Amino acid sequence: TPLYVVNHGETGPIRCNRCKAYMCPFMQFIEGGRRYQCGFCNCINDVPPFFFQHLDHIGRRVDHYERPELSLGSYEYVATLDYCRNKKPPKPPAYIFMIDVSYRNINSGLVKLICDELKTLLDKLPREEQEESSAIRVGFVTYNKVLHFFNVKSSLAQPQMMVVSDVGEVFVPLLDGFLVNFQESRSVIINLLDQIPEIFADTNESETIFAPVIQAGMEALQAAECAGKLFIFHSSLPTAEAPGKLRNRDDKKLLNTDKEKTLFQPQVNSYEALAKDCVANGCCVNLFLFPNQYVDVASMGLVTMYTGGTLYKYNNFQLAADSPQFLSDLRKDIEKKTGFDAIMRVRTSTGFRATDFFGAIYMNNTTDVEMAAVDCDKAVTVEFKHDDKLSEDGGALIQCAVLYTSISGQRRLRIHNLGLNCSSQLADVYKTCETDTLINFFAKSAFKAILIQPLKAVREILVNQTAHMLACYRKNCASPAPVSQLILPDAMKVLPVYLNCLLKSCVLVGRPEIPTDERAYQRQLVMSMGVADTQVFFYPQLLPIHNLDLKSDTVPAALRCSQDHLSEGGAFLLANGLSLFLWLGVSAPPELIQGLFNVPSFTHISTEATSLPDLNNPFSKKLQSILEHIQSQRPYTMKLMIVKQQEQPEMLFRQFLVEDKSIYGGASYMDFLFCVHKEICQLLS
């Protein structure tokens, strides 16, 4: 449900004088309702006259249930000018589309595909519920070794192109007519999108720039005094002479050495500085990469990471096979609910404090989490440290406030309040522990640590921490049992299996067969994932589909990810949020194969297809609805890969059977349990 919006007009949100926490259910009203005590810092504050209300017989305000900020955990405030840049009301955000028109992109048909799609997509720009049309303005840039800006002012008959060839000192050649309302300039923009593939049809320019493209987009937003998003469609290592120029530094000799960490760090410092400028100007960078060789994701993706943007990667992009996945991602991204120019603060009651933050964020200091944009698929993981006394009576209170600009250009505050119980009994902590949240935290902290520590050390720390948590439970909470027995708390039964999956992830395993870019890409995605997404990413869903109940709407129950659960006569779907497989056993029944593929037998199935044929039978329809359901829960569109038992591509599929021993040397679940158990025994002795 949409959050309630509280509007106190000119006075703005009510806040504690001392700690600046916002009015919330943790404030205690006293003295007949004339004052309130802050639940976070205990400071006594006066209630502003307009907000005064009498208390009932139990000391609660009589309007308690009428006010979202007194009765709900989450709500929004309309912010006043004090919360705006330069104390001026913000303008609605803008989207700038920046297309790499080098030889490969023109030749592969990608540029035409993007231009054709934008013609229909620009009608679907996000808008507030009550608005007729979107307030977002749009702009267009193409580039190779130089930048081309387009004037698409509604009064023009034809779009005008302006070239910026001095990429060392980028400037925006026009202000008026660059960012426009799509509905007003529709005919000029459609004209432009028809012309772009033709203008560059005969290009033989294969070199590209990259950092100046971001710089230009950011400066255009800065000149227009608004926040926004850059949508950059790029395909190769930026080797042209320009700021941010990159070389191919992919070196397999660094694997498993102390220098391996450099592969995950940007190769030049300029990207870090550029990211900082983008955040300061509310410029979020979404990057769609189409590489057919190394493009240095660790450097190119850095600005996207720090600005709250999303990174998409389509290896060896083929128009026929990969268009549906890319277009689906682009559509979802443009329509996403997004907040712009955001800053987040987390406040706590005494006894503990927020100390570390993980996500697609930028931090200038230790308390302000800055995001040029934040969308519905990004999550920030916060680590708290216990630094003083906590009491069982008072509990632990957390307030997270995000100040942001909405898609219509309104400055708002989103507030989340959380009250947690405290216990002096260790057993209670183990009883209520949330393993899936722990996995999310351990993954992000490990993926952050590999920038500064050798991978071997990071893996050892993970095993060590697992053993410590379990040894502590054994020593302090479990009933006596023989040493040879492994004892896991109920709420942590699956902790070892998930941690083993994390240890086997390609980010933490340096093997020459795994491309460096793939490791950097997955590392970046996980850093901004929420709990539900890391859960299925590290331990995929494996669904049997050969005995579907066609009458019910439910999805079949998932199986454990091990080859022991596959059967020659079966068919199984496996999904982890990025990859999607349909595995078929050699003796899968012919009626199943006919119903799904419209071919008579196993040998006739083509594994080239990346989607199932649209067939009008109950079985095919049921599977399509399961695929849609799996897809709807995940931010990225997964391309279907059809795998036949005993054929070569099966090797790829088997890496996802995470309970088995990995072909890259990762331990099976049973072996890992044995190793953790040994470590626990050592700790206890």
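Trainee: Where is D533 found?

Mentor: First, what you are looking at. This is a predicted model, in which local features need pLDDT of at least 70, side-chain atom pairs count only at pLDDT 80 or more, and totals for chains, interfaces and linings use all residues. Residues are numbered from 1 along each chain as its sequence is written, and side-chain values use heavy atoms, with hydrogens and water left out. Helices (H or I, at least four residues) and strands (E, at least two) are DSSP runs, numbered from the N terminus. D533 is found in helix α15, residues 531–538.

Trainee: Is D533 buried or exposed?

Mentor: Buried means under 20% relative accessible area, exposed means over 50%, and partly exposed is in between (1.4 Å probe, protein chains only). D533 has 14% relative accessibility, so it counts as buried.

Trainee: Which residues does D533 touch?

Mentor: Contact means heavy atoms within 4.5 Å. Leaving out residues up to four places away in sequence, D533 touches Q633, R634 and P635.

Trainee: What joins the side chains of D533 and R634?

Mentor: A polar contact is a pair of N or O atoms within 3.5 Å; within protein, one must be able to donate a hydrogen and the other to accept it, and residues adjacent in sequence count only if both atoms are side-chain atoms. The D533 and R634 side chains are joined by one of 2.8 Å.

Trainee: How many aromatic pairs are there?

Mentor: Rings of Phe, Tyr and Trp (its six-membered ring) pair if their centres lie within 6.5 Å; planes under 30 degrees apart count as stacked, over 60 as edge-to-face and the rest as tilted. The count here is 34 aromatic pairs. F29 and Y36 form a tilted one, 5.9 Å centre to centre with 50° between the planes. F29 is buried at 9% relative accessible area. Y36 is also buried, at 1%. F233 and F326 make an edge-to-face pair, with centres 6.1 Å apart and planes at 80°.

Trainee: Which parts of the chain does the pair of F233 and F326 link?

Mentor: Distant ones. F233 is in strand β11 (residues 228–234), F326 is in helix α9 (residues 319–335), and they are 93 residues apart. Both F233 and F326 are buried. Ring pairs also place them in a cluster with F288, F290, Y312, Y314, F317 and Y636.

Trainee: What sits over the ring of F29?

Mentor: A charge sits over a ring if NZ of Lys or CZ of Arg is within 6 Å of the ring centre and within 35 degrees of the ring normal. The charged end of R61 does this at F29, 4.9 Å from the ring centre. K644 lies over the face of F602, at 5.1 Å.

Trainee: What is the phi of K20?

Mentor: Most residues other than glycine have a negative phi. K20 has a positive phi of about 70° and is not a glycine. K20 lies in the loop between β1 (5–6) and β2 (28–30). Its relative accessible area is 39%, so K20 is partly exposed. N316 has a positive phi too, near 45°. N316 lies in the loop between β13 (311–313) and α9, and is partly exposed at 45%.

Trainee: Which domains is the protein divided into?

Mentor: Domain bounds come from an automatic or database domain assignment. They give domain 1 (10–72), domain 2 (94–337), domain 3 (427–534 + 667–684) and domain 4 (540–655). The C-alpha centres of domain 1 and domain 4 lie 55 Å apart.
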